[in-house]
Structures are given as structure tokens and as C-alpha cells.
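Subject: Structure for you to look over

Dear colleague,

I am handing over the structure below, followed by some notes on what was found in it. Please read the notes with the model open beside them.

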Number of protein chains: 2
Amino acid sequence: MQVLAIAGSLRAASINAAFCRAAVRLAAPGMSVSVHRSLGALPLFNPDLEADPPREVRELRAAVARADALLLASPEYAHGISGVMKNALDWLVSDEAFVGKPVALINTSPRARHAHAALLEVLRTMSATLVMPASISLPLLGSCTSEAQMLATPAIREQIRAALICLQALVGSGAAAGASFPVEPR
Amino acid sequence: MQVLAIAGSLRAASINAAFCRAAVRLAAPGMSVSVHRSLGALPLFNPDLEADPPREVRELRAAVARADALLLASPEYAHGISGVMKNALDWLVSDEAFVGKPVALINTSPRARHAHAALLEVLRTMSATLVMPASISLPLLGSCTSEAQMLATPAIREQIRAALICLQALVGSGAAAGASFPVEPR
């Protein structure tokens, strides 16, 4: 099972990027997690370019198509989704490979609720299959902000591992597709 | 009074860009509306670059600082703020000139409610002064999607004109600043 992890921040010391790298290390047996290279290479979304998308867009779409599931982790800026993450999603709105794609949305800032809720709404609108049991909030504020610290903190490490096992089990069983899939309470 | 109009879409035939150009033509006496050149020239937001922002970011911030008020018009993509608009706002979060800046937020797609509400939340979080009486919804769906059509349609033309007069009166009187400012019902 191939999982593509995507961080919504370009900051070198990004907690979300660190989480993605930690997930690579904590992949369940039979699962491979790769981190998408920076979303910073994407151009800003322009519907006029859809007919002949720029190379970076085609590469993102190909990576999404190859993945059995996506792992998204994104910061909140001013109570909103980061422009970096939303720009990437805007390029994927018209992408058929995204429809039904299992997505686990990780919130690395539990005190930030607006962007997470907005992302769930956007992903739902894009017809992603939200894998809610694997979409966890990680209490990473404070000192646990690097990949090494996440791996060295048992409570965090085990939460990430559990989310990945859960993602694998649900996607692997097909329970993440269709009406039987457990969705969040509305 | 200087108003800076900013569209959140890069599409050549963008309704929001057309609205901005129509606003230039419909400026109230004593008011000058200019359209910010495309947000497409901005790099994707990276907090690491804040210490020495790219030229396009400095130009946007300077244009915001010069303006007495902003006129924002942005599309909704997948029930969310366009990445293009959010990316520009992400660059303005740390900009002192943005704090207290009077902003009229125009919704050119009244059937789209998510992005408009999300933008209000983001602008509030950024400490903009939301000028709600001038923040109108324009029923532009259908045939009225170009600058010429907006100017030629009396009901639309007069709604835009009224919003601009209202913006001028509130900002000019100082009523758009501080506690006396009429805010939206919560």
C-alpha cells in the first residue's frame, strides 16, 4: 500500500513536514509512505491553464494517482487553510484521480480548529473519501515539533503508528470506499 | 480617497476581476479605485522569507499601505477560499499596515457561501476593519459576467455604485474604525 504524505507549509522547520517525515519512519508493515516534495514548486492555480497544466501540476496529479491513500497535514494561518495547501487542492479539484481517494487529515495543532474544519469541508466537496478514524489530532505544541522528537515521544509515536495501521486496515479492506465507510458525525 | 481592488482569481475572464474593473469606472466623486495587478506574481507563502520578503510581496504590502480601503472579490473553489486569495492574505498577516484597514468584501457568487464566510473569519482574525454595509452580494450568475455587462445592467451598476458610496462615507467619517463601526450580526 502506497501512501503519499503532503505538508501544507513551506517553512523549513514546519511541524507538518516533520510529521510527514515521521510517518515515513512509522509506516505499518506492507505500507510505504513517501513525502511529496514541496508544494512550493506549484504555480498559483489558474483555471485557464487546466487544458495544458504546468509540469509541477502534472507531477502532483501523477503522484496522487499512484497513491492508495493520502496523508495531509497543514497549518492554520489566520483561522484559515494555508494558501499553500489550498492552492495544491485547487489544482486537484478537476483531477479524476482525486475522486474517492482515501484521505487521512492530520491536525498537528489541536488548538487550531478553523482550518481543520474548512479542510474537511473542501475535501468532502472534492469527493475525497475521508478516513476519519485515521484523521487524528496530535498534541504537538510545545517541545515536540521535530521528526526526532515525535519519534522519541512514545505517546505521539504510538498515535501516529495507530493512525497509519487504521488507514491501512480501512483502505485495504475497502471499508474506506462507499456507503459503509465511517464518516464523522455532522 | 484611494481604494485598492483585489481579485482572487487568475482566470482571464474572471467575474471577480471584471467586478474590480467595473468598480474603477463606478468610483464615487473624490474616490479613486485602482486594481492591484495579478496576485499570480506572488510566490507561495513561506514564513522563512518574512525577514526579507520577495519584491512582489513588498509591492503588495506597499499598495495596501497606500490604500485607504480595500475592495476584495474572490471566487469559491470547492467550498473554500481560492488558494490565490488566501496566499496573498497569508503574506499580509504579519503586515502592520493591514491592521485596522477598512475592507469591503464583495461576493460575486451569492450561491457560494462557504468561501465568503471563511474570508470574513480570516479577515476578522487579521484585524481588518470589515465594512459590512459595503460588503454586498452581487447576483452576477448568468449573463452578467463581464465589466461591460455589469456597467450596462442598471440594477448591478447601481448596487456597485451604492457600495462604493457607502464605503467612502463610512471610511471618510471614521465610522469604519473602532467600536462604533457597524459589524455583521453574529
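B:Ser127 is placed in the loop between α4 (114-125) and β7 (129-130) of chain B, where helices (H or I, at least four residues) and strands (E, at least two) are DSSP runs numbered from the N terminus. The phi of B:Ser127 is near 65 degrees, a positive value in a residue other than glycine, and B:Ser127 counts as partly exposed because it has 13 C-beta neighbours inside 10 Å (buried means 20 or more other C-beta atoms within 10 Å of a residue's own, exposed 12 or fewer, and partly exposed in between, with C-beta atoms placed from the backbone).

This is a predicted model, in which local features need pLDDT of at least 70 and side-chain atom pairs count only at pLDDT 80 or more, while totals for chains, interfaces and linings use all residues. Residues are numbered from 1 along each chain as its sequence is written, and chains are lettered from A and ligands numbered from 1 in the order in which they are written.

In chain A, A:His79 also deserves a look: it lies in the loop between β4 (76-77) and β5, has a positive phi of about 65 degrees although it is not a glycine, and counts as partly exposed because 17 C-beta neighbours fall inside 10 Å.

Turning to the interface, 28 residues of chain A are in contact with 28 residues of chain B, contact being taken as C-beta atoms, placed from the backbone, that lie within 7 Å. On the side of chain A that touches chain B, β5 (80-81), α3 and α4 (114-125) each supply at least two residues, and α3(A) gives the most, with 6 residues.

The axes of α3(A) and α3(B), each spanning residues 83-92, come within 8 Å and cross at roughly 165 degrees, axes being lines fitted to C-alpha atoms, for helices over the stretch in contact, and angles running from 0 to 180 degrees between N-to-C directions. The two helices are therefore roughly antiparallel to each other (the term applies to angles over 145 degrees). In this contact A:Gly83, A:Val84, A:Lys86, A:Asn87 and A:Asp90 meet B:Gly83, B:Val84, B:Lys86, B:Asn87 and B:Asp90.

Finally, helix α6 (residues 154-173) of chain A has buried residues that include A:Ile160, A:Leu164 and A:Leu167, and the buried residues of α6(A) pack against α1 (15-25), β3 (69-73), β6 (102-106) and α5 (147-152) of chain A. After α6(A) comes A:Gly174, with a positive phi near 80 degrees.

With best wishes

How values were computed. Angles under 35 degrees count as roughly parallel, over 145 as roughly antiparallel, 65 to 115 as roughly perpendicular and the rest as oblique. Two residues are in contact if their C-beta atoms, placed from the backbone, lie within 7 Å.
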